[in-house]
Amino acid sequence: MVTKAPPPPAPTLRAVRLLAAAGVIAASLVAVPPAAQAARADDNPAGTTLTVAVSQSVDSLSPFLAQKLVSTSIHRLAYEYLTNYDAKDARPIPGLATAWTSSPDKLTWTYTIREDSTWSDGKPATAEDAAWTFNKMMTDPNAATANGSFTANFKKVTAPDPRTLVIELKKPQATMTALDVPIVPRHIWEKVGDFSTFNNDQRFPIVGNGPFVITDFKVDQYIKLKPNKKFWRGAPKFDELVFKYYKDGDAAVAALQKGEVSFVPNLTPAQAAALKTQKNIKVNDAPGRRFFALATNPGARAKDGRTFGNGHKALLDPEVRKALFLAVDRATLVDKVFRGHAVEGEGYIPPRFGSYFWKPAVGQKRSYDPARAEQVLDAAGYRKNGDGKRIGKDGRPLDFRILCHATDPNDKAVGKYLQEWWGKLGIGLKVECLDSVSDPWVKGDYDLAFDGWSVNPDPDYVLSIHTCGTLPATPKDTGATDNFICDPQFDALYAQQAVEYDAAKRADLVKRMQSRLYDTGYMNILAYPNALEAYRTDQIGSITTMPEAAGNLWGQDGYWSWWSAVPAAQASDGQSGGGSSTGVVIGIGAAVVVVVGLGVFLVLRRRTTADDRE
């Protein structure tokens, strides 16, 4: 949906900033005098600036390493993929490729590369760039860190001419129209030596062919971009795009009120309610594409068979995991923590993706039943002592730890409920809130953790991160695994869905995978949070949500929101242009992304290696 705001009451704005705070937390909102609400343009005095406030740190500006949502969102702006997702219904549409065909046996795919895509340094983008990108991922494990699951089945990739890309597969692959891999310029990246350490953050501007060009970056401060004037779909209308880092959520919301930023995502229910009464601010409340989960350490291990980390041994017992989740009241969490701005969690894929959404059967569902949880623990040999503490099989009390994101209010609030509910079972819980959970997570030094991912229209990636193949090679390495899960039954189903082209049959396999994941008890989905976000209508005149009907702005599967955004002054003059995903040309500008300090859990793309894929 392209939402259009009324013209600003005081058209004296010199600049526009858009703040998209990823996971902003604010317990209170302070009224700001109207005079202080004018947008500022310190870095861009002659043009409009769209400032997005984010709370998640950038893990890498290398498309081969980046896995956090904020990083992949930026790469969607800087690089084209072979295909994109339509903003209306998420169906595959042309990106760098204008068309694609497959052989009858589905083992050879041929893509026609567009002639009007140009790298920001003036060189043409060709099939050779795409072939080089995929071949690098196929031959260098370090280049496959972020997106290797997409190329693991590739047999050969060639570019017989500048406009033709040919991919040969080992076996059929259902994701060939949804390869979420940024295509990079060969003439730039072939000069890189070690892909495991190159973060692409020292020389600017960074050469790309997306709607924006990355011009500057400072860790936990900001990322700046400017419009790509040569972008084939048309340049953005804002003169500057800024992703600014906010560690403090209250500061981000206050900045929105003052007009210092234009957009804030991941609002708390209290923030959203308060902002709805604010002048020139629109709150967007839509079904989200992510889940909020409770992950259990299954015993961290590497592909070489060695185990590591200090996860609690009792959690290896499926009866313990079952009892813990029986003692979680998800309805209360939706009501009290999310204040109704969420749906009770069930399967792994959110209900927004209807064909893949799965619910446990009546006899399979672990509904809130603390009495049954007590019985399960008793029957499994974990009985209470005289002090009411549940005793493990090693003779020691059951006391667990859970990793919590320090700046995420949902983590903290849910943690308190878990302490109460599990305490009644005789189980202790220490909530360990950290600014960054990456280090203990990749080392396997946790018992439980608050987890969450944004799901793409094609769920292959978020399913792949629970397969044995994504485990680290050795305990010293970092794999693409989310939670060290390695289950042969799940892997077998994953392999089947990956080669199934029949949509209904594939959906059934994906649902069976979710059923298996549910039964293991390693990933317990607590809720599907709504996308709660807000923007200033006196700065943004129109902007595209995805999907267009009741969709989100932050963390889209494409670049539609920031590419389509029209400054309020232009929109009031009738220059909105529409910003549709079918290729409406939008004006040109310079984008800057600034990061101001807020470390909220956006979608745990992978602590350092994967935190909220998208």
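The model is predicted.

**Six-stranded sheet**

- The sheet is open, its six strands follow the order β15-β19-β14-β18-β16-β17, and the pairing is mixed.
- β15 (342–344) and β17 (428–434) are the edge strands; each has a single partner strand, so one side of each lacks a neighbour in the sheet.
- On average, neighbouring strands of this sheet are turned by 30° against each other, direction ignored.
- Strand β16 (residues 399–405) runs parallel to β17, and seven bridges join the two.
- Asp-399 has Gly-428 in β17 as its bridge partner.

**Four-stranded sheet**

- This sheet is also open; its four strands are ordered β5-β6-β8-β7 and pair in the antiparallel sense.
- The edges are formed by β5 (97–102) and β7 (154–161), each with a single partner strand, so one side of each is left without a neighbour in the sheet.
- Neighbouring strands here are turned by 20° against each other on average, direction ignored.
- Five bridges connect β5 with strand β6 (residues 108–113) in an antiparallel pairing.
- Ser-102 has Trp-109 in β6 as its bridge partner.
- Helix α2 (residues 127–139) lies across β6, β7 and β8 (164–169), at about 160° to β7.

**Asn-552**

- Asn-552 sits in the loop that links β21 (540–544) and α15 (560–564).
- Its relative accessibility is 2%, so Asn-552 counts as buried.
- The side chain of Asn-552 makes a polar contact of 2.6 Å with the side chain of Arg-352.
- Not counting residues up to four places away in sequence, the residues that Asn-552 touches include Asn-284, Ala-286, Arg-289, Ala-531, Glu-533, Thr-545 and Met-546.

**Glu-80**

- Glu-80 belongs to the loop between α1 (69–78) and β3 (83–85).
- Glu-80 is buried but has no salt bridge. The nearest side chain of opposite charge is that of Arg-233, 5.1 Å away, whereas a salt bridge requires a distance within 4 Å.
- Leaving aside neighbours within four places in sequence, the contacts of Glu-80 include Gly-95, Leu-96, Val-181, Pro-182 and Ile-183.
- Also among the contacts of Glu-80 are Asn-209, Gly-210, Phe-231, Trp-232 and Tyr-559.

Key: Residues are numbered from 1 along each chain as its sequence is written. This is a predicted model: local features need pLDDT of at least 70, side-chain atom pairs count only at pLDDT 80 or more; totals for chains, interfaces and linings use all residues. Side-chain values use heavy atoms; hydrogens and water are left out. Buried means under 20% relative accessible area, exposed over 50%, partly exposed in between (1.4 Å probe, protein chains only). A polar contact is a pair of N or O atoms within 3.5 Å; within protein, one must be able to donate a hydrogen and the other to accept it, and residues adjacent in sequence count only if both atoms are side-chain atoms. Contact means heavy atoms within 4.5 Å. Lys and Arg count as positive and Asp and Glu as negative; His and the chain ends are not counted. Two strands pair if DSSP finds at least two bridges between them. Axes are lines fitted to C-alpha atoms, for helices over the stretch in contact, and angles run from 0 to 180 degrees between N-to-C directions.
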